[in-house]
Amino acid sequence: LALDAPSALPPHVNIAYNVIVRGINAGEAIYTFNFQGADYQATARRQITGLARAFLGNSQDFSYSSRGRVLNGQVRPIAYRHEDDRRHRVVEVSFNGDEVTTVATPRMGMGHPPATPAQKVGTIDQVSMFVQMLMAQGDPCNRTFRVFMDGRSRFDLVLRPNGSQRVSLQSYRGIAQRCEVQFTPIAGFSDPLVDCKTCKKRFRA
């Protein structure tokens, strides 16, 4: 789905994902987007399910929210928040022009190395990224998302065309464009980036 302006979007959009690992359902993520004029509000819930939950418990269960505006087809987040079920750490990010500020309670590390102010300019949070996907103009598989995830991790998600295929889903039947996705880490990850040099290859799909 790709629409050119907020006015063309329905007032409510829901997206649900299932995570399948070697044929086993390992998790789910549910996103809800509400649009009013140029403004959007979004919530999301991610949790481990099935057999994976027996090993990981609630360590990967998170609740998210984000709000912002869509101006000239570009998403401009204003505020982002998430809380995890295990530590109950609350992370809040404010986007004020070129200034992006993170407040975590209790405090958290900001990665090795942490993202610099310059690296955070023009970024969007990972929930708002889905809003930008909905606002795609032209080829939806020919763009780059500059993402500031979870209030500390800075990466680029690069999409390139990778042909098309016929799909038959409950929500859509027909020809779908297929994208090649490349994950490019930049800063703010828990492990030193020297250990993530293979991420570009590992995350290609």
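This briefing describes the fold, a disulfide, a pocket, some side-chain contacts and some backbone features of one protein. The structure is a predicted model, in which local features need pLDDT of at least 70, side-chain atom pairs count only at pLDDT 80 or more, and totals for chains, interfaces and linings use all residues. Residues are numbered from 1 along each chain as its sequence is written, and side-chain values use heavy atoms, with hydrogens and water left out.

**Overall build**

- The protein has 4 helices and 10 strands; helices (H or I, at least four residues) and strands (E, at least two) are DSSP runs, numbered from the N terminus.
- Along the sequence these elements follow the pattern β-β-β-α-β-β-β-β-α-α-β-β-β-α.
- Of the 205 residues in the protein, 39% are buried. Buried means under 20% relative accessible area, exposed means over 50%, and partly exposed is in between, with a 1.4 Å probe and protein chains only.
- Among the contacts in the protein with a separation of 6 or more, 42% are between residues 24 or more positions apart. A contact means heavy atoms within 4.5 Å.

**The disulfide**

- A disulfide is a covalent bond between the sulfur atoms of two cysteines. Here the rule is a pair of cysteine sulfur atoms within 2.5 Å, and by this rule the count comes to 1 disulfide.
- The bond joins C141 and C179, whose sulfur atoms are 1.8 Å apart.
- The pair links distant parts of the chain, 38 residues apart: C141 is in the loop between α3 (128–134) and β8 (143–149), and C179 is in strand β10 (residues 173–187).
- The angle about the S-S bond is -70°, and the link of C141 and C179 is left-handed.
- Which of the two cysteines is buried? C141 counts as buried because its relative accessibility is 2%. C179, with a relative accessible area of 23%, is partly exposed.

**The second largest pocket**

- Rolling a probe the size of a water molecule over the atoms shows where empty space is left. On a 1 Å grid over the protein atoms alone, a cavity is a set of points where a 1.4 Å probe fits but cannot get out, whereas a pocket is an open set with protein on both sides within 12 Å along at least five of seven lines; lining residues have an atom within 4 Å of a point.
- The second largest pocket has a volume of about 410 Å³. Grid points are joined across faces, edges and corners, and the volume is the space filled by probe spheres set on the points.
- This pocket is lined by 24 residues, of which Q74, V75, R76, I124 and Q132 are the closest to its centre.
- Strands β5 (74–84), β6 (90–96) and β8 each supply at least two residues of the lining.
- The lining divides into 9 nonpolar, 9 polar and 6 charged residues. Ala, Val, Leu, Ile, Met, Phe, Trp, Tyr, Cys and Pro count as nonpolar, Asp, Glu, Lys and Arg as charged, and the others, Gly among them, as polar.

**Side-chain contacts**

- A polar contact is a pair of N or O atoms within 3.5 Å; within protein, one must be able to donate a hydrogen and the other to accept it, and residues adjacent in sequence count only if both atoms are side-chain atoms.
- S153 is in strand β9 (residues 153–168) and counts as buried, because its relative accessibility is 6%.
- A polar atom of the S153 side chain lies 2.9 Å from the backbone oxygen of G188. Leaving aside residues up to four places away in sequence, S153 touches V147, F148, A187, G188 and F189.
- Y172 is in the loop between β9 and β10 and, at 39% relative accessibility, counts as partly exposed. Its side chain reaches the backbone oxygen of I175 at 2.7 Å.

**Backbone features**

- Most residues other than glycine have a negative phi, and most peptide bonds are trans.
- The peptide bond from T105 to P106 is cis, with omega near -5°; P106 is in the loop between β7 (99–105) and α2 (117–120).
- The peptide bond from H112 to P113 is also cis, with omega near -10°, and P113 is in the loop between β7 and α2.
- R22 has a positive phi, near 50°. R22 is in the loop between β1 (12–21) and β2 (24–36) and is exposed, at 85% relative accessibility.
- N72 has a positive phi, near 55°. N72 is in the loop between β4 (62–71) and β5 and is exposed, with a relative accessible area of 79%.
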